[in-house]
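Keep the picture open as you read.

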Amino acid sequence: MAELRHRAHKKVISDQQRRRDVALDRQKQQRRDLQLHFRQLATALEDQRVVEEEEHEWGLAEGARLQGKDAKKWFSGQFMLPEWLIDIPLGLKSDWYVMARPAGKRCIVVSSRGTTVSRLRNGRVLHSFPSALPSGAKVSSGPIQGSSSFTILDCIFHEADETYYVLDIMCWRGYSLYDCNTEFRLFWRDSKIVETDALKPPSTHHRYRFSLLPVYECNAKGLEAAYREEQTFLRDGILFYNRHAHYTVGYTPLALLWKDSQCSQYLLDTDAKGEVPSLQQVVLELKSDGTVGTSDDPSVILGTMPRQVLEQNPTFLKPGTLLRFAIGTDGLKIVDGKPFAADINYQGPANKYRPCADSCTKILFQYAARHSPINISDIVAAIENQDVEMQ
């Protein structure tokens with residue numbers, strides 16, 4: 001299990017760290033491309049680029065107002081999803097924020113045209129309600145703002161106190177923040193939402209309360225606050241966000257989730273009865289060639305369904321179907337921090353409400369949690385080690 005762990009004193013470049021570096025380099029290149037694009041716009045050299053930019057903005061605005069199956073499909077692909085922390089990032093103290101993650105339902109909240117709608121990761125509507133967000137309610141005191149005014153927030157709905165904890169912000173009054181770094185998005189989140197009544201208790205035109213999720217610098221004090229400090233919500237793990245990261249839909253190594261038994265009731269996945277099974281359970285997607293793999297892009301293939309089973313269930317076992325497996329006693333075979341083979345045993349179909357298969361890092365984190373987990377002391381040591389290196 002040594003491949004799954006990055007001790008603070010080791011200078012190891014893991015697969016997850018390499019992907020973090022690639023993601024940041026890609027952002028830099030995209031920023032250079034955007035700067036070039038702006039210079040070309042200023043000199044009117046590429047009219048076609050203007051058209052493409054307008055189409056992009058139109059798609060974002062229209063997507064926020066879709067309904068029915070189209071909206072469900074669109075929203076299910078709009079989340080920035082954290083990878084699970086399977087190695088401790090380099091520069092953890094200088095380049096990352098840390099925050100406690102509320103237990104609850106991850107959702108995207110959109111306010112537009114006098115109503116507010118929240119949608120779960122599978123795209124289904126959680127709530128449709130009036131809110132104090134911009135254009136989030138029909139009020140008699142004044143007209144609703146134009147159709148181009150929409151706001152999109154990344155939230156976690158904490159059912160115990162019926163509160164939406166705002167994790168991130170993607171759009172505010174039609175202004176896109178996707179290409180802004182985490183530091184700027186958090187500043188915008190904190191400065192703009194407080195200008196509304198969204199943080200106030202529920203009222204006639206404000207059905208649910210919103211709350212800004214506390215964010216800390218990833219130093220010893222900040223980590224301690226995120227990990228142990230009393231919160232208004234039930235804690236379900238710790239989130240780490242790279243301060244330079246843009247809001248990227250899909251899984252990103254620039255956002256990380258970590259848990260232990262002290263900061264989460266749900267360290268190990270449970271079965272349908274809410275019990276921890278003796279063998280680790282994983283959900284994989286059936287591919288057209290009969291293999292099964294993770295939700296990553298590209299998918300990590302962990303096995304192949306027996307041809308006989310596929311032939312006996314041609315109606316049910318179609319490509320794209322999510323299936324449940326148990327990892328047997330031979331476990332995972334891991335090379336360079338990535339699994340290339342697994343002892344998996346077919347258990348049956350996955351829950352029909354599952355939005356996607358498990359990610360590779362989730363499988364690795366759950367496997368490490370059962371055998372050789374990364375502890376809070378390891379994360380603290382990484383921060384302290386960076387302090388020593390900077391002296």
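In this predicted model, strand 2 (residues 96-102) and strand 11 (residues 235-242) run antiparallel and are joined by six bridges. One of the pairs to look for is A100, whose bridge partner in strand 11 is I238. Strands of a sheet, in general, pair through backbone hydrogen bonds, either parallel or antiparallel.

Now widen the view. Five strands make up an open sheet with mixed pairing, in the order 1-12-11-2-10. Which strands stand at the edges? They are strand 1 (80-84) and strand 10 (216-217); each has a single partner strand, so one side of each is left without a neighbour in the sheet. Across strand 1, strand 2 and strand 11 lies helix 5 (residues 182-193), which runs at about 50 degrees to strand 2.

What about the inside? In soluble globular proteins, nonpolar side chains tend to be buried together.

| Nonpolar core | Size | Residues, among them |
|---|---|---|
| Largest | 67 residues | L92, F240 and W258 |

L92, F240 and W258 have the most contacts inside the largest core. Helix 8 (residues 360-371) gives the most to this core, with six residues. Why does the core lie between two domains? Domain 1 (62-258) and domain 2 (281-370) both give residues to it, so it lies between them.

Finally, zoom in on L92. Leaving aside its neighbours within four places in sequence, L92 is in contact with C218, F240, I379, A382, I383 and Q386.

Conventions. Residues are numbered from 1 along each chain as its sequence is written. This is a predicted model: local features need pLDDT of at least 70, side-chain atom pairs count only at pLDDT 80 or more; totals for chains, interfaces and linings use all residues. Side-chain values use heavy atoms; hydrogens and water are left out. Two strands pair if DSSP finds at least two bridges between them. Helices (H or I, at least four residues) and strands (E, at least two) are DSSP runs, numbered from the N terminus. Contact means heavy atoms within 4.5 Å. Axes are lines fitted to C-alpha atoms, for helices over the stretch in contact, and angles run from 0 to 180 degrees between N-to-C directions. A nonpolar core is a set of buried Ala, Val, Leu, Ile, Met, Phe, Trp, Tyr and Cys residues joined through side-chain atoms within 4.5 Å. Buried means under 20% relative accessible area, exposed over 50%, partly exposed in between (1.4 Å probe, protein chains only). Domain bounds come from an automatic or database domain assignment.
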